Amino acid sequence: MGLCQSHEDDVIDADDGFEGLQSSSEIARRLRHVLDLAHRVLDEDSLPFIDLIRVVRRISRVSKAMRLANPEVITQECLQDGCKPLSSAEEARQLASYVYHAQLVYESDTDVVRHRLTTCGMMLIQHNKENNTGRVANYFAIDPRQKIAVLAIRGTSTFEDAITDIIAETEPLHIVGQKVLNAVLVAGSLRASAHEGFRLAAYGVLHQVEPVILHFLQPLGYQLILCGHSLGAGTACCLSKILHDRLFYTRPHMLRCFAYATPPCLDKNTALSMVPYTTSVVHHDDFVTRASLYNAKLMSTIWKEAKRLMDDDEFEECDPLSVVHRLQRIVKLDPKDDLFVAGRVVFVYKLGYPRRRDPVQYKATTKDGTLSRLRCFSFSRTSLTDHSCSRYIAALEQVASRLIGTTGRSAEEFQPWGEDKQIGPQDAPHCNIFFEDTRFSSPQPLPCGPPVTPVLPTLLTSRQPQGLHDGKSQC
């Protein structure tokens, strides 16, 4: 049962902070706090609008010219930054497969979600579609054959989700109830700070799924995989840290988080501590993965320096990367407010500057949230479109295919569920004790359907399924 002595009290405490967000006055108060924080951080003389446009266009042209002249310029910069090329075919395959869960959770039709999951031998346990500020939709599914549970969390889809994104002030990650959790006292976890919107969303999901994890998954030895894109990624990262400290501290190998298009969401020390069990994927110039107060402050400083160099006719002679790296060392922010992308970072980027109809060649490198290219906005014509889940799928498919040695095959090779397979009553497993949009109440025997052949990759390849699902029906 992990290190917690009492979970019932903590589940109640975890939900206490959501009552206020039901009122527009409380939402407005939190948004004012965010604006006040941004004003304090960026309270400097800004460039006139005309000068700002001129500087941004000049910087964008220089960046484009550098990539056209040297297609490997990002590769060289990453190597100088201490990055290592992604070399594990198995890791690439996992990332290219689980991203489909981050995409599927955007589907609001429970029947469609259940159908897709059933085709790969998974059972839909919960489909929580509640949507409000500080609450995000999600689904919970299990693969009985491989003893894997997948918790997929939806990204920004509604106005309420956008408000959750904007509530960007930082607050302590852990909520400590009447009985202090032993785990959060270890390694300074009580000092962890998080993006307030993602933190609220994480506790909302925790309130829905913690009983299932505690009374069903852990006793049966299931590994838990968290997935999400954008807002779902930030929420998944915060939730994975909470779950690690509450339930998985002594068994960290039973928890994994695959986050796609992860926004900066946790303080530096916390983000780096999550490397063993959290992987964040960043696609090229994705703006959202760089959306932090630090980067806003740095970019304001860069624009002013560029304006000075242009006025002094020194812009063409300077080395842009050297200027950026020098300013990165100068610009400082309160560590509590300086948020990072969590865990191990897989940065997937394009070679050169491909035109709209040109084929795109990708490479992937790895580091963590201190990756230099994440500590500065990267403006290009694809900064917004690089954020879409479909772009992440295409990029990861190409990288995984090259590492596995299947270049040229379709992205559906990594898709867990088959689009054409027809599901009939005779081959659709059901889990009668779980109901969508409801909360798990008490553990009961789990009826199992006929054996199916799952295609999801397992992270515990050396572990053989035991117990309930040993290939024999025990219903």
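This is a predicted model: local features need pLDDT of at least 70, side-chain atom pairs count only at pLDDT 80 or more; totals for chains, interfaces and linings use all residues.

Colleague: In what order do the nine strands of the open sheet run?

Modeller: Helices (H or I, at least four residues) and strands (E, at least two) are DSSP runs, numbered from the N terminus. Two strands pair if DSSP finds at least two bridges between them. The pairing in this sheet is mixed, and the order is β1-β13-β12-β10-β8-β7-β4-β3-β2.

Colleague: Which are the edge strands?

Modeller: An edge strand here pairs on one side only. The two that do so are β1 (84–85) and β2 (123–128).

Colleague: Is strand β7 enclosed or open, and how many of its residues are buried?

Modeller: Buried means under 20% relative accessible area, exposed over 50% and partly exposed in between, using a 1.4 Å probe on protein chains only. Both faces of β7 are covered, with Gln223, Ile225, Cys227 and His229 buried on one side and Leu224, Leu226 and Gly228 buried on the other. The strand is therefore largely enclosed by the rest of the structure, and the buried count is seven of the seven.

Colleague: Which residue of β8 stands opposite cysteine 227?

Modeller: β7 and β8 (residues 255–260) pair in the parallel sense over six bridges. Opposite cysteine 227 stands phenylalanine 258.

Colleague: What span should α9 have, and which value do its end C-alpha atoms give?

Modeller: The expected span of a helix is 1.5 Å times one less than its number of residues. For the 16 residues of α9 that should be 22 Å, and the distance between its end C-alpha atoms agrees, at 22 Å.

Colleague: How far apart in space are isoleucine 242 and leucine 173?

Modeller: Isoleucine 242 lies in helix α9 and counts as buried because its relative accessibility is 0%. Isoleucine 242 and leucine 173 are 69 residues apart in sequence, while their C-alpha to C-alpha distance is 7.7 Å.

Colleague: Which residue of β13 stands opposite valine 346?

Modeller: Strand β12 (residues 344–350) pairs in the parallel sense with β10 (residues 278–283) over five bridges. Seven bridges join β12 to β13 (residues 362–368), and these two run antiparallel. Opposite valine 346 stands threonine 366.

Colleague: Are helices α5 and α13 roughly parallel or roughly antiparallel?

Modeller: Axes are lines fitted to C-alpha atoms, for helices over the stretch in contact, and angles run from 0 to 180 degrees between N-to-C directions. The axes of α5 (residues 89–104) and α13 (residues 389–404) come within 8 Å and cross at roughly 155°. Angles under 35 degrees count as roughly parallel, over 145 as roughly antiparallel, 65 to 115 as roughly perpendicular and the rest as oblique, so α5 and α13 are roughly antiparallel.

Methods. Residues are numbered from 1 along each chain as its sequence is written. Side-chain values use heavy atoms; hydrogens and water are left out.
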